[in-house]
There are 2 protein chains.
Amino acid sequence: MVVDAVDPVALGQWWATALGWTVVNDDPGAFEIQREPERLPGIIFLPVGTAKPSSKNRLHLDFRPDEQEFEVERLVDLGARRVEVGQGVVSWVVLADPEGNEFCVLSAAAR
Amino acid sequence: MVVDAVDPVALGQWWATALGWTVVNDDPGAFEIQREPERLPGIIFLPVGTAKPSSKNRLHLDFRPDEQEFEVERLVDLGARRVEVGQGVVSWVVLADPEGNEFCVLSAAAR
């Protein structure tokens with residue numbers, strides 16, 4: 001999975017911390033993290049010159065932790081922010097990473 | 001991984017065929033495919049009212065098959081099209097799925 005980033009190292013490090021994943025390539029041209037080395041899929045952060053537009057990303061990631069509320073709080077403490085993308089009242093929480101990429105934290109029950 | 005789609009069933013079926021993955025939820029509101037049932041990550045296709053804008057997706061998928069040329073031909077035969085996103089002369093091939101979502105087919109050597 002590939003993510004365009006203004007600052008691939010900063011954003012990649014942020015996601016490594018957020019997910020508890022390992023940096024397997026610290027090259028700013030192709031900064032990559034994996035859950036553990038050689039375990040695909042990884043997430044690669046590529047440098048681009050433009051910031052994310054305000055429109056919602058067409059692709060995003062969902063996470064389903066055991067403890068939704070705890071994880072949301074942890075991610076917000078790390079620098080994620082709650083965002084409004086027209087989701088209304090739902091069981092999941094929509095967050096954005098430091099470059100504005102939306103992702104969702106589901107409740108454990110959601111399926 | 002979640003993909004916004006104008007026609008989630010058609011797009012999800014397309015990707016299931018393209019990847020050889022299994023449909024684990026055929027609900028048009030949350031059409032999901034997985035490599036095999038219960039094996040995460042899956043790809044969920046959600047209905048949205050708007051088509052993909054012409055700008056390149058901020059997030060995309062890369063695939064690294066053993067036989068790049070064979071896979072590109074197979075995917076184009078399935079309905080993928082080659083797209084130009086300013087990649088220049090590179091070792092990978094940029095394709096777009098039927099709704100225009102870009103993805104890359106890497107050469108086996110690329111790392």
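This is a predicted model: local features need pLDDT of at least 70, side-chain atom pairs count only at pLDDT 80 or more; totals for chains, interfaces and linings use all residues.
View 1. Strands here are DSSP runs of E with at least two residues, helices are runs of H or I with at least four, and both are numbered from the N terminus. Two strands pair if DSSP finds at least two bridges between them.

**View 2**

**View 3. Who pairs with whom in chain A.** E1 (residues 2–5) and E4 (residues 43–47) of chain A run parallel, joined by 4 bridges, and A:Val2 sits opposite A:Ile44 of E4(A). E3(A) and E4(A) run antiparallel with 3 bridges; there, A:Ile33 has A:Ile43 as its bridge partner. E2(A) and E3(A) are antiparallel too, over 3 bridges, with A:Thr22 facing A:Gln34. A hairpin takes the chain from E2(A) to E3(A) through 5 residues.

**View 4. Side chains on the two faces of E3(A).** A:Phe31 and A:Ile33 point one way, while A:Glu32 and A:Gln34 point the other. Which of them are buried? All of them, where buried means under 20% relative accessible area, exposed over 50%, and partly exposed in between (1.4 Å probe, protein chains only).

**View 5. Where chain A meets chain B.** The contact draws on 24 residues from chain A and 24 residues from chain B. The chains bury about 2000 Å² between them, 48% of it on carbon and sulfur atoms; buried area is the accessible area (1.4 Å probe) that two parts lose on being put together, summed over both. The rule finds 4 salt bridges across the interface, a salt bridge being a side-chain nitrogen of Lys or Arg within 4 Å of a carboxyl oxygen of Asp or Glu. One salt bridge links B:Asp4 with A:Lys56, their closest N and O atoms being 2.6 Å apart. On the chain A side, E1, E3 and E5 (59–63) each supply at least two of the residues that touch chain B.

**View 6. The loop between E3 and E4, in both chains.** Most residues other than glycine have a negative phi, and most peptide bonds are trans. In the loop between E3 and E4 of chain A, A:Glu38 has a positive phi of about 75° and, at 72% relative accessibility, is exposed. B:Glu38 likewise has a positive phi of about 75° and is exposed at 73%. A cis peptide bond joins A:Leu40 and A:Pro41, with omega about 0°; another joins B:Leu40 and B:Pro41, also with omega about 0°.

**Notes.** Residues are numbered from 1 along each chain as its sequence is written, and chains are lettered from A and ligands numbered from 1 in the order in which they are written. Local features need pLDDT of at least 70 and side-chain atom pairs 80 or more, while totals for chains, interfaces and linings use all residues; side-chain values use heavy atoms, leaving out hydrogens and water.

Note on methods
Contact means heavy atoms within 4.5 Å.
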